[in-house]
Amino acid sequence: MTVSSGSAAWYLRRLSRMGPREIGGRVGDTVRRRRWRSALPDCPDVTGARFTAVLPAGTLATVPPDAAERLVAAADRLLAGHAEYFGVVRDDLTGPDWWYDPKTGRRAPGGYAFDVPYRDEEAAGDIKQIWEPSRHQYLTVLAAAYAVTRDERYAERVAGHLRSWWAANPPLHGVHWISGIELGIRLLSWVWIRRLLDGWPGAAGLFEGNPVAVRQVWYHQRWLAAFPSRGSSANNHVIAETAGQFAAACAFDWFPASARWRADALRSLERNLRGNTFHSGLNRELATEYHGLVLELGLAALAEADAAGVPVPATVRLVLLRMTDALAAVVDDRLRPPRQGDADDGHGLVLDGAGTDRWASLLATGDAVFGRLPWWPEVTGTDVRTPLLAALVRPYAKVASAPAVSRWASRPAHFADAGLTVLRGPGGIWCRCDGGPHGFLSIAAHAHADALSVEVRHDGVDVLADPGTFCYHGQPEWRQYFRSTLGHNTLELDGADQSVSGGPFLWTRQARSRVLVAETGGEVARWWAEHDGYQPSVHRRRVELTAARQELRVVDEVRGPRRAVRLAFHLGPAISADLVGNRAALTWTRNGEERSAVLDLPGELTWRAHRGETGPPLGWYSPGFGRKEPSTTLVGTGFADGTQGFTTVLGFHG
């Protein structure tokens with residue numbers, strides 16, 4: 001059963017996942033919202049404000065020419081009004097309607113922000129389509145283009161759009177004053193826009209000399225101080241909120257409360273960076289794109305601290321260092337990380353044009369700030385963001401307060417605390433095995449029901465793919481499919497998910513997994529794990545990768561009473577499959593070369609290929625948020641009686 005967020009059942013289930021302290025905090029938030037409805041707090045008068053958080057001299061000269069060229073090309077498209085958000089092409093960005101959703105054709109209603117029914121697509125449109133342009137990350141691209149070219153057309157467009165946005169979105173009015181993550185990221189964008197426009201004659205008049213801008217900056221920070229994400233919601237949202245608050249309190253330190261906001265935000269950022277990150281460095285949400293988002297936000301906040309001369313706790317740098325090393329450890333040979341958990345294409349700071357690899361950029365920044373280890377994969381791409389951030393952040397080795405830390409001497413493959421294991425073989429064989437916690441905090445908002453799933457690539461090509469996320473709101477049947485057990489490369493019993501969903505960002509019962517064996521060295525790499533999501537039955541899976549034969553063997557066992565089984569293997573969109581009986585011949589092309597593999601499936605099950613089905617959804621791959629394309633899913637059906645195993649063998653040729 002699908003439960004929509006905002007329904008009475010959802011609210012009751014959501015409340016059940018909160019502790020007393022969180023409930024008390026949310027009651028206080030409700031009281032404050034009612035008070036602000038009748039009388040907003042007063043913004044103090046600010047005179048003589050100055051912006052001094054500029055880039056060091058000579059920084060822009062260090063931007064690689066090819067990265068600058070990509071940046072300018074992207075900025076020119078934006079000047080022409082062209083952009084794409086979550087698969088929807090827009091040609092109206094010369095003068096955008098800030099409340100309009102081009103996907104549904106609906107416009108969000110106005111009024112007091114906390115009255116806007118933003119979860120209801122019928123009333124407000126697709127909220128992600130409305131919110132994304134108002135993160136103003138396309139304006140940071142235009143501002144960066146001004147910085148590297150000094151072409152005032154870019155600066156003038158930025159100024160026009162900011163003035164338009166500020167006029168259309170006065171404090172606490174409308175859809176853009178609802179979600180703290182949006183306010184936090186927007187503040188970070190404004191800091192960088194002001195920094196990148198420095199030298200343009202209109203920069204001071206747009207920001208510190210503009211009472212409307214000053215008021216917007218103050219109310220964004222006052223909002224974030226008043227309504228932080230709490231308790232079961234303290235995931236990547238609280239990182240975005242505190243990073244944006246901290247950045248603004250450092251760079252826009254114009255207000256009597258700036259020092260307090262800065263200190264409070266830094267304390268929260270430090271606490272929540274630790275709380276959101278396993279000791280191994282992987283993000284606790286077990287959703288890889290949020291690992292990237294949190295790392296980007298953390299590095300951006302660190303840059304503001306060092307630029308402003310604000311001391312940060314040593315643990316902030318240490319967590320970011322571990323996150324960077326963990327990212328370097330888990331990517332495949334093409335620098336692609338796992339496609340685990342939710343992904344919504346969210347970025348912390350955007351300063352680059354299309355064609356710049358996000359993960360290569362993060363590793364390049366990590367190299368500049370922390371120093372690469374000998375086992376790190378080689379990064380050959382270039383980007384704009386790395387030299388700009390690196391100009392502000394003090395290198396780890398030169399920070400006197402930075403603790404000595406033992407970093408991995410060789411590339412780790414098993415992350416015990418996160419339950420993530422990567423098996424590697426010749427020819428770029430990469431296999432991620434999932435035996436970790438279901439998700440983070442009591443609601444596990446961005447988790448999928450994917451216990452014991454595997455994800456297999458060959459030279460960067462998805463062979464056995466994690467299908468992705470596709471959507472959050474408005475299309476419950478698709479949200480349910482992409483986070484379901486059937487929507488992953490694992491085994492389903494009796495047509496039910498391993499974990500029980502209580503809504504699109506809520507799990508009311510979570511399967512518990514444990515890794516039994518993780519041997520990643522030697523000629524044969526082994527991984528065994530089990531989970532209890534189908535009590536009284538236990539699903540146990542064994543995965544073995546034999547390097548010499550380029551062969552992956554997966555054995556599934558169900559211990560317990562006789563149950564109906566569906567075993568799914570989702571092929572990547574580049575893979576063609578010819579299924580005959582229980583054998584599938586797989587073919588694909590990589591760099592003009594024909595590649596192939598054979599997938600021998602368990603003969604105890606009856607196998608069918610599914611592709612692009614909609615009633616119900618099956619056979620889909622989402623390359624990015626809001627986008628999906630047909631792909632082949634092989635599903636075997638039958639029964640498990642507790643006595644036999646189901647063996648699958650994937651063999652690569654050449």
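The model is predicted, so local features are reported only at pLDDT of at least 70 and side-chain atom pairs only at pLDDT 80 or more, while totals for chains, interfaces and linings use all residues. Residues are numbered from 1 along each chain as its sequence is written, and side-chain values use heavy atoms, with hydrogens and water left out. Helices (H or I, at least four residues) and strands (E, at least two) are DSSP runs numbered from the N terminus, and two strands pair if DSSP finds at least two bridges between them.

- Helix α14 covers residues 314-330, and its 17 residues should span 24 Å at 1.5 Å a residue, which agrees with the 25 Å between its end C-alpha atoms; the expected span is 1.5 Å times one less than the number of residues.
- Because 14 of the 17 residues of α14 are buried, the helix is largely enclosed by the rest of the structure; buried means under 20% relative accessible area, with a 1.4 Å probe and protein chains only.
- The axes of α14 and helix α15 (residues 358-370) come within 10 Å and cross at roughly 135°, where axes are lines fitted to C-alpha atoms over the stretch in contact and angles run from 0 to 180 degrees between N-to-C directions.
- The contact (heavy atoms within 4.5 Å) involves residues including Arg317, Leu320 and Leu321 of α14 and Trp359, Leu362 and Phe370 of α15.

**The eight-stranded sheet**

- Eight strands form an open sheet with antiparallel pairing, in the order β13-β14-β15-β16-β27-β20-β19-β18.
- At the edges stand β13 (513-519) and β18 (576-580), each with a single partner strand, so one side of each is left without a neighbour in the sheet.
- The twist from one strand to the next averages 15°.
- Within this sheet, strand β16 (residues 551-559) is joined by seven bridges to the antiparallel strand β27 (residues 645-652), and Asp556 has Phe646 of β27 as its bridge partner.

- Strand β5 (residues 414-415) pairs with strand β6 (residues 420-425) in the antiparallel sense over two bridges, with His414 opposite Thr421 in β6.
- Four residues lie between the strands of the β5 and β6 hairpin, where Gly419 takes a positive phi near 65°.
- Six bridges connect β6 to strand β7 (residues 429-434), and the two run antiparallel; the bridge partner of Leu423 in β7 is Cys431.
- The hairpin of β6 and β7 has three residues between its strands, and Gly427 in the turn has a positive phi of about 75°.

How values were computed. Buried < 20%, exposed > 50% of the residue type's maximum accessible area, 1.4 Å probe, protein only.
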